[in-house]
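Below is a short briefing on one protein chain, arranged by topic. Look over the sequence and the structure before reading on.

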Amino acid sequence: MSWTTPADLRAQVQRLWDRGDLLPAAVSDAISWPLRLNLKTPSAADLSDRFAAVRDWVRAVADVPLVRLEWRERNHRVQGMQRLPAAVWLDTRQDALALIGKVRQAQGFDALWRQTAATQPVLLPWLSRRPILALELAGRWQHLLAVVAWLHAHPRPGVYLRQVDVPGVDSKFIEAHRGVLTELLDLVLPPEAVESAASGVAQFTRRFGFLDKPVRIRFRLLDPTLPSLPGCHAWPRVLPDITLDATSFAALALPVERVFVTENETNFLAFPELAEAIVVFGAGYGWEALSRAGWLHRCQLHYWGDIDTHGFAILDQLRGHFPNAASFLMDRETLLAHRSHWSEEPEPARRALSRLAKDEATVYDDLRFDRLQPRLRLEQERVGFGWLRDRLAGVPSARCTG
C-alpha cells in the first residue's frame, strides 16, 4: 500500500526537525504556517478493490492528533458517496513539535535564542544555521558565550588558554570546544583579531592570538670541543643531549659545519662523535620550527631517514624549507648492502616528489613501483654501525656560523 500513513506524516515533520528547519521556525520564515503535509490518497480503483482497507486508512488518518484535515467527497459508482481526506495541515509550530514529541527540546532552544539575543545578537544567524548543534550544547552555551565575550573584550590576548579568567571555564573546556568556538568567534571578532591563515582546531591558539606550547628541538653535540650550555657536563664518552624551545634554538651561535637530522631516537643517541657537528632528533613532516633558525640555513644539513617511500616524502618536505639539504644513507648502495634487513612498509606513498635529486628519485621510484620487492623498507636503525662510520668519514664539510 502506497497511501500516506500516520507514521509517514510524523516522518515528514521529523525530517524538518533533523534538517534544522523546525527549531528556528518561530523566528524565521523558513517554514510558512499553516504547513501542508504531503498526502497520497487511495485511488478510485482502490475504493472498488480494497474498500475495507481504504476505510481503515481513513480512520487511521482521522485519528492523527494535532493535524487539521481537509475532506473531499467522492461519488463512487460502486461504493456510492465517500468522504476521504484530501489534505493534511499543521497550523502552528507548536502542533508540529507536539506531533513528534519535541516540545521540551524546542523550549530549550527558544531559551538559548533569547539568551543569545540579549548578550551576543550577532550569533543569532549561527543559531539559525546550527540549531541541532546548539541544542546539544545547551548545558554549555552560557560558558561558550562567556568565552566569546572574553575574547571580544581581549582580542589577540597573548596569553595561554590557562590564563583565560572566565568563571566556570578552564583550559580543558576551551580545548574541547575549539571547533564551535572558532565558528562563533569568527562571527564576533573583527577581521584584524583573527589570523585567517591559521585554520583547523589544531591552530586555534594561533588563529585567535593565544600563546601556544613552545615547539621543542632536541639535539646532541657531536664534538666534545664545542661550547655547551652553562652547567651542562656530560658523562665520560657521552656528549650533551639538549632540548631547547624553537626560539632559543634559533638564537644559538654554535661553531658547527654539519647538522645531521635522524628520525630514530636510538640512532640519535648513538650517533658517533664528529668534529664541528651536531645531530637533531627528527621532526617528521614538521620542519617549520627548524627553519626559523637562520644559522641552520648556512650549514650543510644531512637528513637520514628510512629508505622507504615515506622517508623520501619527508626528505622532499624538508627541502621545501632547506633546498640544499642532502640525504644521508638513503642511497641504492646502502639499500642493497642490507638486503637481509629488508622489511615491509605498511602503506607506501605513491605520489610523485618534485624535490628529489636524480639518484634519490630513482630509488624512490623503485620503492613506490615495487621494482625490488613489494612495499620494501629498510629502517634506518638496521643500517650497520660500521657502515655509518665509514660514510661519515666521507661527508664533506661546509662551515656555518650563528
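Buried stands for a relative accessible area under 20%, exposed for over 50%, and partly exposed for the range in between (1.4 Å probe, protein chains only). By that rule Arg368 is buried, with a relative accessible area of 15%.

The model is predicted, so local features need pLDDT of at least 70 and side-chain atom pairs count only at pLDDT 80 or more, while totals for chains, interfaces and linings use all residues. Residues are numbered from 1 along each chain as its sequence is written, and side-chain values use heavy atoms, with hydrogens and water left out. Helices (H or I, at least four residues) and strands (E, at least two) are DSSP runs, numbered from the N terminus.

**Salt bridges**

- A salt bridge is a side-chain nitrogen of Lys or Arg within 4 Å of a carboxyl oxygen of Asp or Glu.
- Side chains of opposite charge can pair when their charged atoms come close.
- The whole structure holds 21 salt bridges.
- Arg368 forms one of them with Asp365, and the closest N and O atoms are 2.9 Å apart.
- Both Asp365 and Arg368 belong to helix H17 (residues 358-368), where they sit three residues apart, about one turn of the helix.
- Arg59 and Asp56 meet through their side chains in a salt bridge of 3.2 Å, N to O.
- Helix H3 (residues 51-62) contains both Arg59 and Asp56, three residues apart, about one turn of the helix.
- Arg59 is partly exposed at a relative accessible area of 45%, and Asp56 is partly exposed at 42%.
- Arg391 and Glu333 form a salt bridge between their side chains at 3.1 Å, N to O.
- This pair links distant parts of the chain, 58 residues apart, with Arg391 in helix H18 (residues 385-393) and Glu333 in helix H16 (residues 332-337).
- Arg391 is partly exposed, with a relative accessible area of 24%, whereas Glu333 counts as exposed at 52% relative accessibility.

- Five of the five residues of strand E6 (residues 258-262) are buried, so the strand is largely enclosed by the rest of the structure.
- Arg258, Phe260 and Thr262 point one way from E6, Val259 and Val261 point the other way, and all are buried.
- Two strands are said to pair if DSSP finds at least two bridges between them.
- E6 pairs with strand E7 (residues 277-281) in the parallel sense over five bridges, and Val261 stands opposite Val280 in E7.
- E6 also pairs with strand E8 (residues 300-304) in the parallel sense over five bridges, where Phe260 has His302 as its bridge partner in E8.
- E6, helix H13 (residues 265-270) and E7 make up a right-handed β-α-β unit.
- A crossover is right-handed if, with the strands pointing away from the viewer, the path from the first strand over the helix to the second runs clockwise.

**Backbone geometry**

- The peptide bond from Trp33 to Pro34 is cis, with omega near -5°.
- Pro34 is placed in the loop between helix H1 (6-18) and strand E1 (35-37).
- Arg156 is not a glycine, although its phi is positive at about 45°.
- Arg156 lies in the loop between helix H8 (141-153) and helix H9 (171-176), and is partly exposed with a relative accessible area of 32%.
- Asp370, also not a glycine, has a positive phi of about 55°.
- The loop between H17 and strand E11 (376-377) holds Asp370, which counts as partly exposed at 29% relative accessibility.

- Thr205 is part of helix H11 (residues 204-207) and is buried, with a relative accessible area of 10%.
- Contact means heavy atoms within 4.5 Å.
- Leaving aside neighbours within four places in sequence, Thr205 is in contact with Leu161, Phe210, Leu211 and Asp212.

**Largest pocket**

- On a 1 Å grid over the protein atoms alone, a pocket is an open set of points where a 1.4 Å probe fits, with protein on both sides within 12 Å along at least five of seven lines, and lining residues have an atom within 4 Å of a point.
- Grid points are joined across faces, edges and corners, and a volume is the space filled by probe spheres set on the points.
- The largest pocket holds about 600 Å³ of space.
- Its lining has 28 residues, of which Lys213, Pro214, Val215, Ala289 and Arg292 lie nearest the centre of the pocket.
- Strand E4 (216-221), helix H12 (246-250), E7 and helix H14 (288-291) are the elements that give two or more residues to this lining.
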